[in-house]
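Please open the model in your viewer and keep the selection panel at hand.

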Amino acid sequence: MTQFSSDKEAADALHDAYRTLTSEISKVIVGQEEVVRLVLTAVFCQGHCLLVGVPGLAKTLLIQTIANSLDMSFSRVQFTPDLMPSDIVGAETLDKDRNFKFVTGPVFANIVLADEINRTPPKTQAALLEAMQEHAVTVAGHRYTLPRPFFVLATQNPIEQEGTYPLPEAQLDRFMFNITLGYPSYESELQIVKNTTGAFTTQLNKILHADDIMAFQQLVRRVPVVDNVVEYAVQLVHKTRPGQPMASNQANQYLEWGAGPRASQHLIVGAKCNAILNGKYSPDIEDVQAVAMPILRHRIVRNFKAEAEGITEEQIIRELL
């Protein structure tokens with residue numbers, strides 16, 4: 001790992017590494033620059049991501065590509081209705097000497113792709129929840145620490161909800177970002193088809209190692225923030241809470257529940273990282289706004305009036321911004 005003489009030098013190095021990473025990822029992923037930015041922001045903020053999109057938008061490929069460009073262990077879990085907690089965290093088995101031995105599951109990796117996470121029952125979702133929050137799992141009374149850094153990047157299909165188990169609010173709140181993937185533009189889809197229907201294969205270079213990422217995570221935490229930016233972030237979250245003194249008219253009209261304190265924390269950490277990735281050394285209000293949508297989207301709950309009038313979470317958040 002490279003040693004830096006100052007935080008300014010380290011911030012410049014993170015900015016350069018981010019540009020190199022996005023260039024490397026663009027060899028495979030066409031378009032989706034905003035999605036790539038948010039996923040990498042979560043990586044440098046020690047956060048987890050939930051990617052929501054219809055089938056065929058390269059959600060899984062995007063995560064695999066990011067994992068391939070980072071020199072870290074990677075595992076994929078395809079969630080199904082019959083998946084058990086032990087299939088994720090591991091289980092104790094008898095060895096040849098008839099002694100119990102713990103066999104680790106796929107969660108023991110730096111990057112875990114939880115594919116179609118809403119297809120598995122709440123019991124299995126809860127096993128992943130402990131890993132996401134505690135960075136450890138408990139099996140047969142023993143606690144096993146997960147490797148660092150540790151990220152869960154989950155995908156979810158918003159259509160075809162038959163036979164799915166919606167994620168509980170408590171688990172949704174553990175995801176730093178809820179990222180929505182849209183359809184590619186006409187030009188992007190032309191390029192996708194050209195890239196994926198020939199014999200050419202792309203080799204990705206490893207840009208960052210685990211030690212580099214942990215050092216950059218600590219750097220993001222050390223970024224200074226002026227008081228007015230912190231106040232703006234906290235006021236924004238308070239505006240989402242209906243019935244509270246600082247609630248906005250939109251919240252009182254259209255929301256059942258607002259965002260909790262974790263949203264305020266993520267807004268500031270995300271703004272710090274966004275500032276560095278854009279070559280700044282301290283975040284401003286624009287950096288908070290740049291990460292507000294994916295942070296607040298899954299932390300507010302619409303009421304019946306909003307659903308009846310077709311008011312979406314995104315419309316409410318845009319009004320608040």
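Begin by selecting α11, which is mostly covered, with 14 of its 17 residues buried, where buried means under 20% relative accessible area with a 1.4 Å probe and protein chains only. This is a predicted model, in which local features need pLDDT of at least 70, side-chain atom pairs count only at pLDDT 80 or more, and totals for chains, interfaces and linings use all residues. Residues are numbered from 1 along each chain as its sequence is written, and side-chain values use heavy atoms, leaving out hydrogens and water.

Helices here are DSSP runs of H or I with at least four residues, strands are runs of E with at least two, and both are numbered from the N terminus. The end C-alpha atoms of α11 lie 25 Å apart, which agrees with the 24 Å that its 17 residues should span at 1.5 Å a residue, the expected span being 1.5 Å times one less than the number of residues. After α11 comes Gly279, with a positive phi near 85°.

Then select α5 (residues 122-134), whose buried residues are Thr124, Gln125, Ala127, Leu128, Leu129, Ala131 and Met132. Their cover includes α4 (85-89), β6 (111-115), β7 (136-139), β9 (151-156) and α6 (169-172).

Key:
Buried < 20%, exposed > 50% of the residue type's maximum accessible area, 1.4 Å probe, protein only. Contact = heavy atoms within 4.5 Å.
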